[in-house]
Amino acid sequence: MSKTETIQEIDASSFHGDKSKIYSTDDKGRLVLAGEDAESKYAHFLPTWDPNEKFGPLEEFEFSDPGLRADPSFPNLLSKSNTSLKIKSLTPKFGTEIRGVQLSELSSAGKDELARFVAERGVVVFREQDLRDKPIDWLLEYASHFGRNHIHPTSGAPKGYPEVHLVYRSATAKASEHDFFQNHISSTAWHSDVTYERQPPGTTFLGILDGPDTGGDTIFTDTQEAYYRLSKTFRQGLYGLEVLHSGVAQANASRSAGGVVRREPVENFHPLIREHPVTKKKALFVNPQFSRYIKGLKREESDMILNFLYDFTSRAADIQVRASWEPNTITVWDNRRASHSALVDWAGLDGSRRHAFRLTPQADVPTEGEPETE
């Protein structure tokens, strides 16, 4: 458990470095950024942590994926009359880069098509977007088309908007990277977001606000293709297995770093194999940050299976893509299919911060679907 907690403290939390140097307390008792980090073009997106902000358990809600309503020919998202449209597949089966489509201008039908297209491609990198310049209320209304906006239990959020998850690595917080790499050889921490929730996210948006000229990319791995790479005999052995997903370590890491816990951590069992409600394709639904053990197996048996799957999906470069962060990039992925990790490879090189916002609509309760018949 200590290794998992260490990784979460560095990568899944927004706290980095010596907080006495980069954080202060405002007149409401909130933790806020101090010093040069407070100087930002997107100051309204700077993270705050309010220890007095508490929420009760999330209640289950009815969800119907907007991709089920979409025209599979994508006439609104990928209009044939759009002469500015440029589409590049990052790999044959997984990942696409698009230019010439402005996400903020999509109609309701276009948003439905976006959900379906992202489900089919796993991760889509949209360039030259204007979402970061929209009011936060507008962004949350936009994201609500894809599900209920999630409130993260521990991460930094814009003041008054706990539904927005902020990814922030300070330009001044170099000590944490130095200390981390004294004991680790890689910052890679594969995960799907907040899978401990009863209804984890589906269509997920991450937009860059500020970042280094190079570095700080996000890597994605295709857990759908990973599932179908396994032999049919092995896949059949995974049917019916349920895995505990836990938010306890993440909450503990935030508390130990002096952070907040807005909601008490939850744990939920989800099927190891998950069927997508739109594509009906199956994917492996486990990740080393939040998955803990397989129900009904002895610990050594559970560890053997989970560690094999973690090792396979992390090392298989032929099912992965790397998304770079040009200014005004919005990356949209399906959290039911794509696991990801941020990369810390620029720290100390140019003094750049990495600042991004995430819109995280919750989706369906994971289900396994019917076993394969062929």
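Residues are numbered from 1 along each chain as its sequence is written, and side-chain values use heavy atoms, with hydrogens and water left out. As the model is a prediction, local features need pLDDT of at least 70 and side-chain atom pairs count only at pLDDT 80 or more, whereas totals for chains, interfaces and linings use all residues.

Helices (H or I, at least four residues) and strands (E, at least two) are DSSP runs, numbered from the N terminus. An open sheet of 7 strands has the order E3-E4-E5-E16-E8-E18-E7, with mixed pairing; two strands are taken to pair if DSSP finds at least two bridges between them. E3 and strand E7 (165–169) each have a single partner strand and stand at the edges, so one side of each is left without a neighbour in the sheet. From one strand to the next, the twist averages 20°. Such angles run from 0 to 180 degrees between N-to-C directions, and the axes are lines fitted to C-alpha atoms, for helices over the stretch in contact. Within this sheet, E8 and E18 run antiparallel and are joined by 5 bridges. Phe205 stands opposite Leu359 in E18. Helix H3 lies across E3, E4, E5, E8 and E16 and runs at about 120° to E5.

A further open sheet consists of 3 strands in the order E15-E9-E17, and its pairing is antiparallel. Strand E15 (320–323) and strand E17 (338–342) are the edge strands, each pairing on one side only. With direction ignored, neighbouring strands of this sheet are turned by 20° against each other on average. Strand E9 (residues 218–222) is joined to E15 by 4 bridges, and the two run antiparallel. Thr218 has Ala323 as its bridge partner in E15.

In helix H4 (residues 136–143), the buried residues are Ile136, Leu139, Leu140, Tyr142 and Ala143. Viewed down the axis of H4, these buried residues fall within an arc of 160°, so they line one face of the helix; the arc is that of the directions from the helix axis to the C-beta atoms. The cover over the buried residues of H4 includes helix H3 (108–121), strand E6 (148–149), strand E8 (203–210), strand E18 (354–359) and strand E19 (361–362).

The structure holds 29 salt bridges, a salt bridge being a side-chain nitrogen of Lys or Arg within 4 Å of a carboxyl oxygen of Asp or Glu. In one of these, Glu326 pairs with Arg99, and the closest N and O atoms are 3.1 Å apart. Glu326 lies in the loop between E15 and strand E16 (330–334) and Arg99 in strand E4 (residues 96–99), so the pair ties together parts that are 227 residues apart in sequence. Glu326 counts as partly exposed, at 32% relative accessibility, and Arg99 also counts as partly exposed, at 22%.

The side chain of Glu326 also meets that of Arg127 in a salt bridge (3.8 Å, N to O). This pair links distant parts of the chain, 199 residues apart, with Arg127 in the loop between strand E5 (123–126) and H4. At 3% relative accessibility, Arg127 counts as buried. Another salt bridge joins Arg353 to Asp210, with the closest N and O atoms 3.1 Å apart. Arg353 lies in the loop between E17 and E18 and Asp210 in strand E8, 143 residues apart. Arg353 is buried, with a relative accessible area of 12%, while Asp210 is partly exposed at 27%. Salt bridges with shared partners also join Lys88, Glu97, Arg99, Arg127, Glu128 and Glu326 into one network.

Two loop residues were examined individually. Thr195, in the loop between helix H5 (175–183) and E8, is buried, with a relative accessible area of 0%. Apart from its neighbours within four places in sequence, Thr195 is in contact (heavy atoms within 4.5 Å) with Pro200, His245, His270, Phe285, Asn287, Phe290 and Asn335. Pro57, in the loop between strand E2 (31–33) and strand E3 (86–89), is exposed, with a relative accessible area of 73%. The C-alpha atoms of Pro57 and Arg263 are separated by 6.7 Å, although these residues are 206 residues apart along the chain.

How values were computed. Buried < 20%, exposed > 50% of the residue type's maximum accessible area, 1.4 Å probe, protein only.
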